Amino acid sequence: MYDIIIVGMGISGITAAIYAKRANKKVLLLDKSMPGGLLNNIEEIGNYPGLLNISGPDFASKLLEQVKDLDISYALEEVIEVHIDNDIKEVVTSKNTYTCQNLILAMGRKPKYLGLDNEKDYLGRGLSTCAVCDAFFYKDAPIAVVGTGNSALQEALYLSKVVGKIYLLNRRDGFRGEDFLVEKVKNDPKIEIKYNVNISSINEKDGKISGVTLDNGEKLQVNGVFIYVGYRPDTDWLNGLDILDEEGYIRVNEAFESDISGVFAIGDVIRKDVYQLVTAASDGAIVINSIMKRK
């Protein structure tokens with residue numbers, strides 16, 4: 001029996017684990033993939049206090065190093081369901097079953113897609129949501145990037161160092177990203193911005209993406225399509241618990257506690273005004289303080 005189980009090893013979950021361990025709680029971290037979550041998809045972080053231009057993977061590595069240094073238990077196992085029996089929470093993974101008194105959900109968010117027919121069939125065959133992971137496969141080739149926010153702008157700038165040409169497909173007539181990123185993109189000779197367009201279909205040749213057709217009828221020859229059109233909470237597997245709102249975010253109060261006593265949520269799985277690394281870390285510290293006050 002653990003005092004606290006934390007599902008998700010992004011910055012919010014790991015911060016919570018650090019604070020729980022320092023409070024002398026028996027804590028377990030669980031994650032279905034590599035520690036750090038979406039940090040591993042970020043080329044460079046320039047807005048986290050005290051860390052100057054660190055890469056996302058390096059930041060994730062430092063977080064894991066701290067977990068190990070503090071001797072915090074963790075397991076890379078996918079959580080598939082949770083059972084609630086009064087004060088006992090049973091967490092079932094693909095390999096084991098664990099029990100705890102307090103459960104913290106910190107799974108983060110996952111990328112949205114465009115909603116095209118058979119779209120996900122092209123993952124690994126020209127479709128990607130991670131420039132850091134896949135840029136190498138498109139060296140000197142033409143690609144399309146879809147999005148209007150910071151993620152699309154940052155990833156386009158990263159990809160421009162590797163690929164031959166980028167069509168930045170903006171579904172609006174302006175950008176949602178920060179002004180300094182917009183200016184950098186506009187001044188990049190490899191990036192051509194197309195406004196008020198959507199991809200209506202993906203074209204293929206020999207089982208791979210060979211181009212896209214836009215909703216204005218224009219056809220672009222590209223070898224890859226990188227999508228950055230937002231994120232949604234990674235909470236699909238929690239549908240059995242009545243703690244989600246209409247968009248899949250976990251409902252919590254000011255103490256980060258859900259509608260189920262002893263079940264908390266932090267980071268990108270809850271509704272917030274600001275989704276940043278620093279606010280995710282803050283959530284992790286506050287939720288442990290909330291749990292400690294209950295005793």
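A residue is called buried when its relative accessible area is under 20%, exposed when that area is over 50%, and partly exposed in between. The model discussed here is predicted.

**Helices H5 and H4**

By this criterion Leu 181, Val 182 and Val 185 of helix H5 are buried. These residues span an arc of only 100° around the axis, and therefore lie on the same side of H5. The partners against which the buried residues of H5 pack are H4, E10 and E11.

Helix H4, residues 150-159, is largely enclosed by the rest of the structure, because seven of its 10 residues are buried. The buried positions in H4 are Ala 152, Leu 153, Glu 155, Ala 156, Leu 157, Tyr 158 and Leu 159. Their cover includes two helices, H3 (131-134) and H5 (179-186). Strands E9 (142-146), E10 (165-170), E11 (191-195) and E15 (224-227) are also among the elements that cover them. H4 lies across E9, E10, E11 and E15, and its direction makes an angle of about 165° with E9.

**The parallel sheet**

An open sheet with parallel pairing is built from five strands, in the order E8-E15-E9-E10-E11. Its edges are strand E8 (127-128) and E11, each of which pairs on one side only. E10 and E11 run parallel and are joined by five bridges. Ile 166 has Ile 191, in E11, opposite to it.

**Nonpolar cores**

In soluble globular proteins, nonpolar side chains tend to be buried together. The largest nonpolar core of this model comprises 56 residues. Within this core, the residues with the most contacts are Ile 5, Ile 6, Phe 59, Leu 103, Ile 104, Leu 105 and Ile 250. Two or more residues each come from strand E1 (2-7), helix H1 (11-22), E2, H2, strand E4 (79-85), strand E6 (97-105), strand E17 (263-265) and helix H6 (277-294).

The surroundings of Ile 5 can be given in detail. Apart from neighbours within four places in sequence, Ile 5 is in contact with Leu 28, Leu 30, Val 91, Tyr 98, Thr 99, Cys 100, Asn 102, Leu 103 and Ile 104.

**Tyr 48 and a contact across the sequence**

Tyr 48 belongs to the loop that connects strand E2 (27-30) with helix H2 (56-69). Although Tyr 48 and Val 278 are 230 residues apart along the chain, their C-alpha atoms are separated by 6.5 Å. When residues up to four places away in sequence are not counted, Tyr 48 touches Ile 11, Phe 59, Leu 277, Val 278 and Ala 281.

**Cysteines**

The structure contains one disulfide. Its partners are Cys 130 and Cys 133, whose sulfur atoms lie 2.0 Å apart. The torsion about their S-S bond is about 75°, so the disulfide of Cys 130 and Cys 133 is right-handed.

| Residue | Relative accessible area | Class |
|---|---|---|
| Cys 100 | 0% | buried |
| Cys 130 | 5% | buried |
| Cys 133 | 42% | partly exposed |

Terms used:
Residues are numbered from 1 along each chain as its sequence is written. This is a predicted model: local features need pLDDT of at least 70, side-chain atom pairs count only at pLDDT 80 or more; totals for chains, interfaces and linings use all residues. Side-chain values use heavy atoms; hydrogens and water are left out. Buried means under 20% relative accessible area, exposed over 50%, partly exposed in between (1.4 Å probe, protein chains only). Helices (H or I, at least four residues) and strands (E, at least two) are DSSP runs, numbered from the N terminus. Contact means heavy atoms within 4.5 Å. A disulfide is a pair of cysteine sulfur atoms within 2.5 Å. Two strands pair if DSSP finds at least two bridges between them. Axes are lines fitted to C-alpha atoms, for helices over the stretch in contact, and angles run from 0 to 180 degrees between N-to-C directions. A nonpolar core is a set of buried Ala, Val, Leu, Ile, Met, Phe, Trp, Tyr and Cys residues joined through side-chain atoms within 4.5 Å. The arc is that of the directions from the helix axis to the C-beta atoms.
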